[in-house]
Amino acid sequence: MAKPPPPLWLLAEVTHSCPLQCPYCSNPLNLIPKKDELDTEGWLRVLHQARQLGAAQLGFSGGEPLVRKDLEILIGEARKLGYYSNLITSGVGMDAARVERFRELGLDHIQVSFQADDAVLNDYLAGTDAFQHKLDMARAVKANGYPMVLCFVIHRQNSHRVSQMLDLAVELQADYVELATTQFEGWALLNRDHLLPTLEQVREAERVAHEYQAKLKGKMRIYYVVPDYYENRPKACVGGWGRVFLAVAPDGVALPCHAARDLPGLALHNVRDHELEWIWNESPAFNQFRGEDWMKEPCRTCDEREKDFGGCHCQAFKLTGDPTNADPTCAKSPHHQVITQAIDSSRLGVGTSKPLVFRQRQKSNSPNLFPT
């Protein structure tokens, strides 16, 4: 097999700690405790090694990366190394002075996430009173000369308010808005019965997004992606396994996909023990699904295999029990019925008698508090 291209994107998941408790969180159910996190020196080594390997874009993520007291040190080092750096945050743990400090240190981009446009729904989904602080932080980001980048995670509990979300984005003078449809990993998969939108909801949200895209053309960029479950073709997961994307978990485990540590038999390695160059180029885990040798039918002879690379292996495993199966979101997959069954269950409300499980505290809240 030819030597793989260098990674373009490094996702530094610096912590799983988070002040929010979102039931759609893609973090694993077994959250990494703070005591097991890489220390400052460990993360500095990761930044240096990934940059030497070729990574140019850097995302600071979590959990909530703002809980790391050394985040400023990492941001400053990223600037020195020449990364284009992005902070992916809820805004909780930040104030206007900290935003200004990030700008001075050379952070390029801040994405502020909202659970909804409405304080009651936002704070219900976040599991804490955060909405007003998010508004303040979004304004602070704009005031410090950053492009205003907002993210709304869309799912069954809030997709009826897409127009109001975009109205809020207009009020905040957003430059970019991501209507990020929920990816069913981690806590989101656990809560799928409550979160998977119906086809009618998807079509209406898409219609509204297109309406605002036309109305705000040249003023605001709006990104809306149809949920995987309704696409009939899988996406090239993280640009293809071991092709573009490199993630490092809070404890230093290097991952080809942020959910890959759940895959059975995958020999993952830690940056405490191995150089990132070896992990990326030589490790069995990163080579597991490169190329086409792993493919079974229908992927092996599919004329779209170089477009989607078989889709998401984590999704294939969690929904079919075998990561080498064709991603069941693909209509060509022999396992596509698990997707159609999930869609039918969502439409009928099957499974919503179970409580919505909130990240970390795992406390039951009423799943019928808001209309769907």
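Me: Which residues line the second largest cavity?
Reply: This is a predicted model, in which local features need pLDDT of at least 70 and side-chain atom pairs count only at pLDDT 80 or more, while totals for chains, interfaces and linings use all residues. Residues are numbered from 1 along each chain as its sequence is written, and side-chain values use heavy atoms, with hydrogens and water left out. A cavity is a set of points, on a 1 Å grid over the protein atoms alone, where a 1.4 Å probe fits but cannot get out, and lining residues have an atom within 4 Å of a point. By that rule the lining of the second largest cavity consists of Ser26, Asn27, Pro28, Glu185, Gly186, His258, Ala259, Arg261, Asp262 and Lys318.

Me: How many residues in the lining of the second largest cavity are charged?
Reply: Asp, Glu, Lys and Arg count as charged; Ala, Val, Leu, Ile, Met, Phe, Trp, Tyr, Cys and Pro as nonpolar; and the others, Gly among them, as polar. This lining has two nonpolar and four polar residues, and its charged residues number four.

Me: What is the volume of the largest cavity?
Reply: The search of the whole structure finds five cavities of 30 Å³ or more. Grid points are joined across faces, edges and corners, and a volume is the space filled by probe spheres set on the points. The lining of the largest cavity includes Cys299, Cys302 and Cys330, and its volume is about 90 Å³.

Me: Which residues does the UniProt annotation "binding site" cover?
Reply: The annotation comes from an unreviewed UniProt entry.

Me: Is Cys25 buried or exposed?
Reply: Cys25 is found in the loop between S1 and H1, where helices (H or I, at least four residues) and strands (E, at least two) are DSSP runs numbered from the N terminus. Buried means under 20% relative accessible area, exposed over 50%, and partly exposed in between (1.4 Å probe, protein chains only). Because its relative accessible area is 15%, Cys25 is buried.

Me: Which residues does Cys22 contact, leaving aside its neighbours within four places in sequence?
Reply: Cys22 is in the loop between strand S1 (9-13) and helix H1 (40-53), and at 9% relative accessibility it counts as buried. Contact means heavy atoms within 4.5 Å. On that basis the partners of Cys22 are Gln115, Leu125, Ala126 and Arg359.

Me: What angle lies between the planes of Tyr124 and Phe358?
Reply: Rings of Phe, Tyr and Trp (its six-membered ring) pair if their centres lie within 6.5 Å; planes under 30 degrees apart count as stacked, over 60 as edge-to-face and the rest as tilted. The count by this rule is seven aromatic pairs. Tyr124 and Phe358 form an edge-to-face pair, 5.6 Å centre to centre, with an angle of 75 degrees.

Me: How many residues apart in sequence are the parts that the pair of Tyr124 and Phe358 ties together?
Reply: Tyr124 is buried, at a relative accessible area of 9%, and Phe358 is buried at 0%. Since Tyr124 lies in helix H4 (residues 119-126) and Phe358 in the loop between strand S10 (356-357) and strand S11 (364-365), the pair ties together parts whose separation in sequence is 234 residues.

Key. UniProt positions renumbered as here; feature names shortened; annotations may be inferred. 1 Å grid on protein atoms, 1.4 Å probe; cavity = no way out; pocket = protein on both sides within 12 Å on 5 of 7 lines; lining within 4 Å.
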